[in-house]
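Hi,

Here is the structure I promised to pass on. Have a look at it first, and then read my notes below.

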Amino acid sequence: MTLSPISSRGKRAQPGDDITSDLIAARDEDGSLLTEQELVDTIFAILGAGSETTINFFDNAITQLLTHPEQLELVKSGQVSWDDVIEEVLRLESPLASLPMRFAVEDIQLDGVTIHRGDPILINYAALGRDPALHGESAGVFDVTRQHKEHLSFGHGAHYCLGAGIARMVAKTGLSALFERFPRMTLAVSAKDLVPYPTFIMNGNRQLLVHLSGAHRGVRRAVSARPGVKKRHTTHPFPGCGLRLDPLVSLFGVAMEKCPYVLDRAGSDIHKEASNLRARGPVTLVELHGGYTAWSVTSYEAAKQLLMDPRISKNTKAHWPEFRDGNVPQDWELYTWVAMDNMQTRDGKEHDRLRKLVAPAFTGRQAVKSRPIIEESVNRLPR
């Protein structure tokens, strides 16, 4: 997805009661508040964080409830609340699988691993809520009656999601309206036949087909795949590595820690991959597409610690030598994520400045305004 200053012309001509219009007004009234590039990249971030993650949440929530009808019945009967459902889905199926990236400002020791200055870090959100160290042997089981549902799906610390409150409201309004209007809704295909969205960043499916009322018709939600890019390195940066390592190789005495784990960029099974990474350790080296390496964190406690650590930065341009030295091509699949100029890639006062400008879009008043829009969207679905 690419945005340019041209994208804001329509809103400049016809502003509305929305965050995009508010940001444009702030930019036009006082250019010192927001540069044009910050404006464009902030709108991009809001669109990505607000739409993709919402789609993934509903995708996963509906799938889990329809494949666990006995738990759906607990909700319908009032024995558990929609809040219970929402937190359990967020714990088990984080809408974001892995979010690129953070960087070590200085050498850091974490769980016996040295993360060197400038090293990229991936927080594996898909793994955190399923950490057995936190949720025991049933960590991978969907259970709305679970007493403790701790997760980090909205992040933690200074970069905690501004839209967490609205997201929960949207989830509660949408799910309750959907299952009230279509109490007999069922999946149109087996859950095992759902096709994951082809990325290791997001946790969702290409489409979710359901029978709304038992008739042979379904609601389709389709997400197109992102275009691929060519692999940058012609030789592997770690001699002797380059093949995907299966956990079974450890049985043959291979020193797995010497080679980075090659991430499946297609995200074909993010939970299996998270288990493979966790088997290597709570913090393990992975290879991204293009041959770049990063540290993947699958431990809830380690991730929580990192997200509060001032020695970790999201500022790619300042703290990733590969990017700063011009060694990252613009056609790299994660380039847009790491090159943006918005609050997601800023720290300290710069982050606070941009966050303050965006915050009015996520107030309780805005949440209340969203409720009838969501209900109307459900009501437009044919019975």
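Predicted model: local features only at pLDDT ≥ 70, side-chain atom pairs only at ≥ 80, totals over all residues.

Now for the helix pair itself. Helix H2 covers residues 19-29 and helix H3 covers residues 36-67; they pack at an angle of about 170°, and their axes lie 10 Å apart. Angles over 145 degrees count as roughly antiparallel, so H2 is roughly antiparallel to H3. Which residues make the contact? On the H2 side they are Ile-19, Thr-20, Leu-23, Ile-24 and Arg-27, and on the H3 side Glu-36, Leu-39, Thr-42, Ile-43 and Ile-46. Sorted by class, that contact of H2 with H3 has six nonpolar, two polar and two charged residues.

The other thing I looked at is strand E4, residues 120-124. E4 is mostly covered, with five of its five residues buried. In a regular strand, side chains alternate between the two faces of the sheet. Here both faces of E4 are covered: Pro-120, Leu-122 and Asn-124 are buried on one side, and Ile-121 and Ile-123 on the other.

As for neighbours, E4 runs antiparallel to strand E1 (residues 98-104), and four bridges join them. Ser-98 has Asn-124 of E4 as its bridge partner. With strand E9 (residues 293-297), E4 pairs in the parallel sense over three bridges; there, Ile-123 is partnered by Val-297 of E9.

Cheers

Notes:
Residues numbered from 1 in each chain as written. Heavy atoms only, no water. Axes fitted to C-alpha atoms, helices over the stretch in contact; angles between N-to-C directions. Helix = DSSP H or I, 4+ residues; strand = E, 2+ residues; numbered from the N terminus. Parallel < 35°, antiparallel > 145°, perpendicular 65-115°, else oblique. Contact = heavy atoms within 4.5 Å. Nonpolar A, V, L, I, M, F, W, Y, C, P; charged D, E, K, R; others polar. Buried < 20%, exposed > 50% of the residue type's maximum accessible area, 1.4 Å probe, protein only. Pairing = 2+ DSSP bridges.
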